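Here are some exercises to work through with the structure open beside you. Try each task on your own before you read its solution.

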Amino acid sequence: MRSKTETRETKLDACDITRMLEACPGDETESLFAFADRTRKHFVGDSVHIRGIIEFSNYCTRNCMYCGLRRDNRNLLRYRMTPDEIVAAAKNGILSGYRTIVLQSGEDPYYSASDIARITEGIKSCGDVAVTLSIGERTLSEYATMRSAGADRFLLKHETADAELYLRLHPGASLETRLECLQNLKSLGFQVGSGFIVGLPGQDISTVAEDITLLKLLDCDMAGIGPFIPHPDTPLALHPPGDVMMTLKALAVTRLILPYANLPVTTALSTLRNDGRHLALSCGGNVIMPNITPAKYRELYEIYPDSASLRDPEDGGIREIAVMLEAMGRKMSTTRGDSFRRETGTRGAPSS
Ligand code: SAH
Ligand code: SF4
């Protein structure tokens, strides 16, 4: 599979993508992963960016069929961190060496846009760090308030590119609105991340191919691709988990199609496989997002059970990660790990 195209962005259409996703176990899959790994090395280098994630509220007004934080789950004790607690947790993270802080929550309007703006300013006053928000759908003007306060990036997965499936899995919501939010975020100058879940009921290979095509269409700066994990207190409790191999193939193909993107190892993958980080970093991944939420809240942020992030030490295990990366011949990035587009004004060369 090695070819001259490795030094250029690979042009792949939906048929090519489907064919690659159909790669058989063994040689075909190995060569796809090796191609993705070389592409990652060529376009974004050996550095791995480490983002500390703080899960600051598990309240959610939405009712996504797959998620343990869904509004109708009454078996969950809900919590909200105060703005001071959030900034303090971020400060600890920055002192441990994180150059990006990710703030994630259910869709919780309790925090106004100006609350999020103030929290962002508080974090950014602690050092030269990037702030990524992952707090769901808001209006353009709310996003603008957050951006003006210095928020750099926003993660909002499209979850599935199949509009009908989206409707079934997200009561009262639409893919169209999701995509409008992503466009609004882009227009405000956020570095934007989307992504999807592998193994949703009703999904097949062609849906996954559409998901990857949509990531390309959105020209994402980042993309999170993780397997579905059933949660007992949701309508999808009995649906089997997503396939790890398909998740890795989707990640590998995404690296080929968006060679400059920042592609994290998802926690869901590490939850299904202890060696998830190693696997994903070897087939296109270049970002790890350790959990730095204060220990007392962690178990309550139960999107799915037994999350691998419960095993992260209070500082997210940043030193242990450095050792693991060294052993893999990779290194921990010393930069904020902004989108290559932002660092160079165009698509440019990899940095440390
Ligand atoms: N509320 C925000 C951010 C928190 S949810 C939002 O929805 O954007 C973060 C991600 O968790 C979601 O984007 C979804 O892809 C993932 N997720 C939720 N439930 C899951 C499950 N059961 N298995 C795998 N991933 C899940
Ligand atoms: Fe809420 Fe996000 Fe879970 Fe949906 S995926 S229920 S929006 S936390």
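## Exercise 1: A residue in a loop

D162 sits in the loop that runs between β4 and α6 (163–169). Keep in mind that this is a predicted model.

**Task.** Work out whether D162 is buried, partly exposed or exposed, and find which residues D162 is in contact with, leaving aside its neighbours within four places in sequence.

**Solution.** 
- Step 1: Take the relative accessibility, which is 23% for D162.
- Step 2: Compare it with the cut-offs: buried means under 20%, and exposed means over 50%. D162 therefore counts as partly exposed.
- Step 3: Skip the neighbours within four places in sequence, and you find D162 in contact with L175, T207 and E210.
- Step 4: Now try a distance. D162 and Q203 are 41 residues apart in sequence, and their C-alpha atoms are 8.3 Å apart in space.

## Exercise 2: A strand and its partners

**Task.** Find out how many residues of strand β5 (residues 191–198) are buried, and which strands β5 pairs with.

**Solution.** 
- Step 1: Go along the strand: eight of the eight residues are buried, so β5 is largely enclosed by the rest of the structure.
- Step 2: Sort the residues by direction. Q191, G193, G195 and I197 point one way, while V192, S194, F196 and V198 point the other way.
- Step 3: Look for bridges. Strand β4 (residues 153–155) runs parallel to β5 and is joined to it by three bridges, with L155 opposite G193.
- Step 4: Strand β6 (residues 222–227) also runs parallel to β5, with six bridges between the two. Here I197 has G226 as its bridge partner.
- Step 5: Follow the chain from β5 through helix α8 (residues 205–218) to β6, and you have traced a right-handed β-α-β unit.

## Exercise 3: Another strand to trace

**Solution.** 
- Step 1: Here 11 of the 11 residues are buried, so β1 is largely enclosed by the rest of the structure.
- Step 2: Two bridges link β1 to strand β9 (residues 331–332), in parallel; V48 is opposite M332.
- Step 3: Two bridges also link β1 to strand β8 (residues 287–288), again in the parallel sense; I50 is opposite I288.
- Step 4: Six bridges link β1 to strand β2 (residues 100–105), which runs parallel to it. I53 is bridged to V102 there.
- Step 5: β1, helix α3 (residues 83–96) and β2 form a right-handed β-α-β unit.

## Exercise 4: Around the ligand

**Task.** Which residues come nearest to ligand 1?

**Solution.** 
- Step 1: There are 17 residues around ligand 1, and Y66, S105, E159, I229 and I303 come nearest.
- Step 2: Pick out polar atoms. One in the side chain of E159 is 2.6 Å from a ligand oxygen.
- Step 3: A polar backbone atom of I229 is 2.7 Å from a nitrogen atom of the ligand.

Technical notes: Residues are numbered from 1 along each chain as its sequence is written. Chains are lettered from A and ligands numbered from 1 in the order in which they are written. This is a predicted model: local features need pLDDT of at least 70, side-chain atom pairs count only at pLDDT 80 or more; totals for chains, interfaces and linings use all residues. Side-chain values use heavy atoms; hydrogens and water are left out. Buried means under 20% relative accessible area, exposed over 50%, partly exposed in between (1.4 Å probe, protein chains only). Helices (H or I, at least four residues) and strands (E, at least two) are DSSP runs, numbered from the N terminus. Two strands pair if DSSP finds at least two bridges between them. A crossover is right-handed if, with the strands pointing away from the viewer, the path from the first strand over the helix to the second runs clockwise. Contact means heavy atoms within 4.5 Å. A residue is near a molecule or strand if one of its heavy atoms lies within 4 Å of it. A polar contact is a pair of N or O atoms within 3.5 Å; within protein, one must be able to donate a hydrogen and the other to accept it, and residues adjacent in sequence count only if both atoms are side-chain atoms.
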